[in-house]
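Open the model in your viewer and keep the sequence panel at hand. The tour goes from one selection to the next.

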Amino acid sequence: MNDGKQFYFKMSLILAVAFFIWIFGSPKEEFSALKAENSSEWQPKTPVALTNFVPPTLVVFKDSENTLPKRNWTVPFLELEAQAALAIKTDGSRVYYNKNIEMQRSVASLTKLMTAIIVLENYNLDEVIKIPLSAVRREGAMGDLNLDESITVRSLLNIMLIDSSNDAALALAEKRADFVSLMNKKAKELGLANTHFSNPDGLDEPGNYSSALDIEKIFSYLMNKYPETFEILKTKNMVVYSADGKIEHRLKNTNEILGKVNEVVAGKTGYTDEAGGSLILLTKNNIITVVLGSPDRFSESEKLIQWLKEAYIWD
């Protein structure tokens, strides 16, 4: 073989080897991907963002639509004129109605629920208090207390909660200089984020406010911790006397719905010009209702109770 032929033979061999390496030496992953992409077996690669994806878990709460009472959706949502309203199970596990339940606003004499807590946790109910001039002069609802009248803490508690007496509330609070501070300390202890007190009776003053949800928590705490207050708040009429028995105080519950609506067993009223009508009620089927800032607290509370009967399937 002459030199020319040998040269061409070597070049052909080199080219053949190079071609062989190019075809069979390519990365298998790329070749396989190319083959698969052009076949019916090709599947797109999973995006990197989804490589650690975990499907969401469906959580069914114990108080779901499958739990009695069930919502009857044929009954529309109740529209109330009250600025805030709430219907909740007494243990707080289920809300049946809510409207602005965390809105801070004046709550009038519902303030006295916290006043009652401070009295029960810090006073001897049989202790006798002399009524100060500041209490007699207090504006708003009066329990007809007399200046320097001696009367027990227990009687003042009854007058305050049944008659919604401002003079009784102030007489109780005047016994301790730090009374309002104790009210705010208790509010913080109970986790009431939308509550602050500046007086013991609920008169309109800056810094005296709460919310429907917080008032319900105060009421529930009072009922559970001190069952005797339930007996007071369910009483329509009572007579109490001064410590010497000479002065008689005839009390009539300000809760007009008590005894009128069969489902209602206890409650507390409140009203000022700024707060409007306020009312908290406990019903026989262990529901607490609250209306705040209502033009007609009794009528709207009755509407709410009736709506609950129709808007939920109870059995």
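Two strands count as paired if DSSP finds at least two bridges between them. Keep that in mind for the first stop. Note too that this is a predicted model.

**Stop 1: a strand pair**

Select residues 237-241, strand S6, and residues 248-252, strand S7. How many bridges join S6 to S7? There are 5, and the two strands run antiparallel. Now pick Val-239 and look across to S7: its bridge partner there is Arg-250. Next, follow the chain from S6 into S7. The two strands form a hairpin, with 6 residues between them. Stop at Gly-245 in the turn, where phi is positive, at about 80°.

**Stop 2: helices H5 and H6**

Two packed helices are described by the angle between their axes and the distance between the axes. Select H5, residues 153-162, together with H6, residues 166-173. Their axes lie 8 Å apart, and the packing angle is about 140°. The crossing of H5 past H6 is left-handed.

Show side chains here. On the H5 side, color Val-153, Leu-156, Leu-157, Ile-159 and Met-160. On the H6 side, they meet Ala-168, Ala-169, Ala-171 and Leu-172. By class, this contact holds 9 nonpolar residues, with no polar and no charged ones.

**Stop 3: helices H3 and H8**

Move to H3, residues 112-122, and H8, residues 212-225. Here the axes are 9 Å apart, at an angle of about 35°. H3 passes H8 in a left-handed crossing. From H3, select Leu-113, Met-114, Ala-116, Ile-117, Leu-120 and Glu-121.

**Stop 4: Asn-184**

Finish on Asn-184, which sits in helix H7, residues 179-189. Leaving aside residues up to four places away in sequence, Asn-184 touches His-196 and Phe-197. Zoom in on Phe-197. It is 13 residues from Asn-184 in sequence, yet their C-alpha atoms are 6.1 Å apart in space. Where does the side chain of Asn-184 come in? One of its polar atoms lies 2.7 Å from the backbone nitrogen of Phe-197.

Definitions and conventions. Residues are numbered from 1 along each chain as its sequence is written. This is a predicted model: local features need pLDDT of at least 70, side-chain atom pairs count only at pLDDT 80 or more; totals for chains, interfaces and linings use all residues. Side-chain values use heavy atoms; hydrogens and water are left out. Helices (H or I, at least four residues) and strands (E, at least two) are DSSP runs, numbered from the N terminus. Contact means heavy atoms within 4.5 Å. A polar contact is a pair of N or O atoms within 3.5 Å; within protein, one must be able to donate a hydrogen and the other to accept it, and residues adjacent in sequence count only if both atoms are side-chain atoms. Axes are lines fitted to C-alpha atoms, for helices over the stretch in contact, and angles run from 0 to 180 degrees between N-to-C directions. A crossing is left-handed if the near helix is turned anticlockwise from the far one by less than a right angle, and right-handed if clockwise. Ala, Val, Leu, Ile, Met, Phe, Trp, Tyr, Cys and Pro count as nonpolar, Asp, Glu, Lys and Arg as charged, and the others, Gly among them, as polar.
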